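Here's a quick briefing on a pocket and a couple of residues worth a look. Have the structure open as you go.

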Amino acid sequence: PGTTYGIFMSTTSASQYTTGANTYSDSNITIQCGAAVPAAFGTPIADRTWNGTVYYNLNASNSTLLTAISTGGSLSSPATDHVAMDMTAHAFSTNYDINAITFIQIGTISDASVTSVSLYRDNNTNGAVDGGDTQLATGSLTSGQVTFSGSPLQALAVGTPTRLLLAVNVAAGVSPGTSMQFRIASSGITWSGGTDLTTYPVTAGQWWVTNPNIPYHIYYKMNE
């Protein structure tokens, strides 16, 4: 108690920030935001607040946690292995298993337009489905839901976060403007044990079907 730590966070993509050195606190911790640098050990840029979420707990012994990266954006039609939800699962103090997960689709896209839904372990943690990943389960939406189960579905080791990807195949001809978004409700995960520290619902970003036939730029060639 009363100890102050300095934290440096590095990212390979452009950082999202708010101008100003803001301070955030609750009854347990205080976070004082201050500066950013364009690269490690670069010249500091004062008055920057990182836009993000800090998760913490006071006692993580014998517990589990699932978090999601809130990605979203444009969705092609058709699409193959589109990552609709990017998650990380943790076990603290004791190894635990995920035995079942139910995903709920809350966008406007129909079940028939999502031709398959698969859960992958992202072995190379690059956030994309590729040959280095392990497919844990696959299925289809029924009344906007799909449940994956196993014995276990995914084992979790202490100190080794496991990245999970929910990937979908989308049929051709889905109308532009159609949305897709997945969520896990509070009763949607079955753990083998421990105290679940997850904040529910766990919700992914929203995806929108775009029209690939509309070009971003139109060029005209004039007769000379």
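By class, eight polar residues, seven nonpolar ones and one charged residue make up the lining of the second largest pocket. Keep in mind that this is a predicted model.

- The space inside the second largest pocket comes to about 580 Å³.
- Its lining counts 16 residues, and the ones nearest the centre are T53, Y55, T67, A68 and I69.
- Two elements, β7 (63–69) and β9 (79–92), each give two or more residues to that lining.
- Of the elements, β7 gives the most, with four residues.

**Q105**
- You'll find Q105 in strand β10, which covers residues 96–105.
- Is Q105 buried or exposed? With a relative accessible area of 8%, Q105 falls under the 20% cut-off, so Q105 counts as buried.
- A polar atom of the Q105 side chain sits 3.3 Å from the backbone oxygen of I109.
- Setting aside neighbours within four places in sequence, Q105 is in contact with L141, G144, S179, M180, Q181 and F182.

**Y24**
- Y24 belongs to strand β2, residues 23–25.
- The relative accessible area of Y24 is 46%, which lies between the 20% and 50% cut-offs, so Y24 is partly exposed.
- Which residues does Y24 touch, not counting those up to four places away in sequence? They are I29, T30, I31, C33 and T49.

Key:
Residues numbered from 1 in each chain as written. Predicted model: local features only at pLDDT ≥ 70, side-chain atom pairs only at ≥ 80, totals over all residues. Heavy atoms only, no water. Buried < 20%, exposed > 50% of the residue type's maximum accessible area, 1.4 Å probe, protein only. Contact = heavy atoms within 4.5 Å. Polar contact = N/O pair within 3.5 Å; in protein donor to acceptor, adjacent residues only side chain to side chain. 1 Å grid on protein atoms, 1.4 Å probe; cavity = no way out; pocket = protein on both sides within 12 Å on 5 of 7 lines; lining within 4 Å. Points joined across faces, edges and corners; volume = space filled by probe spheres on them. Nonpolar A, V, L, I, M, F, W, Y, C, P; charged D, E, K, R; others polar.
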